[in-house]
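The sequence and structure come first, and the description follows.

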Number of protein chains: 2
Amino acid sequence: MTATAKQTPSDLSPIEHLLSMAADDMTKVDAIIRERMQSSVGMIPDLAEHLVGAGGKRLRPLLTIAAAHLCEYGGEHHFKLAAAVEFIHSATLLHDDVVDLSAKRRGKKAANLIWGNAPSILVGDFLFARSFNLMVETNSMQALGILSTASSVIAEGEVQQLAGLRDIEMSRETYMQVIGAKTAALFAAAAEVSPVLADSGTEKQNALRTYGQELGLAFQLVDDALDYGGFEIALGKSIGDDFREGKMTLPVIIAYANAVQNDDKEAVAFWQRVIVEHKQIDDDLAIATNYLIKEGALEATLEAARNHIQNAKSALDVFVAEDEIEEWKTALIRLADFVVSRVS
Amino acid sequence: MTATAKQTPSDLSPIEHLLSMAADDMTKVDAIIRERMQSSVGMIPDLAEHLVGAGGKRLRPLLTIAAAHLCEYGGEHHFKLAAAVEFIHSATLLHDDVVDLSAKRRGKKAANLIWGNAPSILVGDFLFARSFNLMVETNSMQALGILSTASSVIAEGEVQQLAGLRDIEMSRETYMQVIGAKTAALFAAAAEVSPVLADSGTEKQNALRTYGQELGLAFQLVDDALDYGGFEIALGKSIGDDFREGKMTLPVIIAYANAVQNDDKEAVAFWQRVIVEHKQIDDDLAIATNYLIKEGALEATLEAARNHIQNAKSALDVFVAEDEIEEWKTALIRLADFVVSRVS
């Protein structure tokens, strides 16, 4: 009955549907986030509010909450871990925006452009430290291990991405390592901590870690395709940021590899100029996008994303049908499909 | 006998003496630091090695080791916590140098000037995350709570300091809050985690936290006085950095307050110009130093440091004389005295 009553209304996306299923829980998570970003040093809540108040999808804490339901966790600690996950994510966003010299975040002016780099760095540090305060309160050393390991892996991924800027020779394997670390590791940890709290056993723990990891990979692949705008555009997503930074993503890796293989001298020279020499003029984004489409590089990137979504969905097979669990499992499967459906 | 054999040789400073007492332990800490700063992403160990390899006094991990001896801790976990403390300190140094636009660190070119701001930020994040990996391995949730709380307090102190830049009206109370947070909190946590590991009880835990906190306050007060160079200069310490940044420290707070009280219009105008308007010319550092000496502001700052050193030493009264303990207690008391003896 509950399942019927809560079926996806046609006007809700799968993520909105999942958020509506988790509405009461997410209200609790939000309350913890707002309480723990407070400080007597006024610049901290001001800057944190600018970022956190701008919304964002809260996708990572939502994974923690959904996974807790899937594991029939009966406690309260998942609220704090979900908030901790969002704090880690917020800290990395603040630092990323300084690293990338970003102008916009979540459709608003990026914090570094309002307060400057220094407060963005330090408030990021504050939120990161607070995330560990929250974890300590849950008294789960295993969850702490998972989230602290994910945090160091994220930083490694960010540094590896930075080291690979303008490296037109970056391999697909290296790229997958980068996005596995910088993006998927936190998705994986967010999903994995709930079966740990619920003491669900290693099979379910592995399944949810895999779901998060594969979902995160697909999420980043789609994001990297969307940066070239060859698709119906997701709301609020700006175009060409990766290209302008000389960031190597799978579409470019594929297009460049094809150009080399086909001995397309003009295309090779184009990528060398815009990425390696980092000399770009106004029309170059459009030219790049045309190359990507011509080489099928955007479609190939989405195909890779779809494969990871398939892996994510399959991982949930270990959860067997019971009414309550089935509802959350279905919602997580729909969420996975939705990640690649963002592009037409 | 041991105590006699290990008495401070006249050619060793108290910190060198303490380091020689803890030499075997510090070798183990150093091995952990070097092992855990490794990563398959080469830029991470390169940048970390630049900072860690430049030496530094390792004062904070030394506190953890000395406190462990004082508490007759028989385990191995203090090595990892000492390394974790040094990682937290290293992360804050990397971020501070970006925030302060520093040119030098430990007598070498600052990492941000060699690799750029982005790697300094991200490698700082990496070291910070790795510090929590180390803590998790000690399985002490209480130590994790102490060090994660200290980490968020440090970030608060850094933001408060930033918000107070060029605020000539900053109160002495606010300044003490800032240095209590940005500097003393980690000294306190470094000393406090060892009695926690040793299960020494709250009296000894409080005593060592107080020792660390008071030592940290004195350390920063002396550092802030040394920035004006009115004393015999400690090796490698550069002069005038705080002044050039418009950073409010106790010497300036005292000198400005005296100028206002004595209605010294020339001095008030000077401080308004160089700090609030932040307009400085070549001779201003010398003029500022003259004002500080004339107003007794450097001497008053050192007097405050001496009081905190007295508090630090008194806190160790709870440790009663046994040969082994007495030796470490004496070394920690001498270390405290040494902090203010750095200036003549």
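In which loop of chain B is B:His278 found? B:His278 is found in the loop between helix 14 and helix 15 of chain B, where helices (H or I, at least four residues) and strands (E, at least two) are DSSP runs numbered from the N terminus.

## Basis of the model

This is a predicted model, in which local features need pLDDT of at least 70 and side-chain atom pairs count only at pLDDT 80 or more, while totals for chains, interfaces and linings use all residues. Residues are numbered from 1 along each chain as its sequence is written, and chains are lettered from A and ligands numbered from 1 in the order in which they are written.

## Overall form of chain A

Chain A has 17 helices and 2 strands. Its radius of gyration, taken over C-alpha atoms, is 20 Å, close to the 20 Å that the globule rule gives for 344 residues, so chain A is as compact as a globular protein of that length; the rule is 2.2 Å times the number of residues to the power 0.38. The C-alpha trace of chain A spans about 60 × 50 × 35 Å along its principal axes.

Of the 344 residues in chain A, 56% are buried; a residue is buried if 20 or more other C-beta atoms, placed from the backbone, lie within 10 Å of its own, exposed if 12 or fewer, and partly exposed in between. Two residues are in contact if their C-beta atoms lie within 7 Å, and among contacts in chain A between residues at least 6 apart in sequence, 76% join residues at least 24 apart.

## Helices 2 and 3 of chain A

In helix 2 (residues 14–21) of chain A, the residues A:His17, A:Leu18, A:Leu19 and A:Met21 are buried, and the buried residues of this helix pack against helix 3 (23–36), helix 5 (59–70) and helix 17 (323–341) of chain A.

A:Asp25 is found in helix 3 of chain A and counts as buried, with 20 C-beta neighbours inside 10 Å. Leaving aside its neighbours within four places in sequence, A:Asp25 is in contact with A:Ile65 and A:Phe79; the C-alpha atoms of A:Asp25 and A:Phe79 are separated by 7.3 Å, although the two residues are 54 residues apart along the chain.

The buried residues of helix 14 of chain B are B:Ala267, B:Val274 and B:Ile275. Seen down the helix axis, they fall within an arc of 90 degrees, so they line one face of the helix, the arc being that of the directions from the axis to the C-beta atoms. These buried residues pack against helix 13 (250–261) and helix 15 (284–294) of chain B, whereas the face turned away from the buried side carries the exposed residues B:Lys265, B:Glu266 and B:Ala269.

Just after helix 14 of chain B, B:His278 takes a positive phi of about 55 degrees, and B:His278 is exposed, with 12 other C-beta atoms within 10 Å. B:Asp199, which is not a glycine, has a positive phi of about 55 degrees and lies in the loop between helix 10 (172–198) and helix 11 (202–226) of chain B.

## Contact between the chains

The contact takes 35 residues from chain A and 35 residues from chain B. On the side of chain A that touches chain B, the largest share, 14 residues, comes from helix 9 of chain A.
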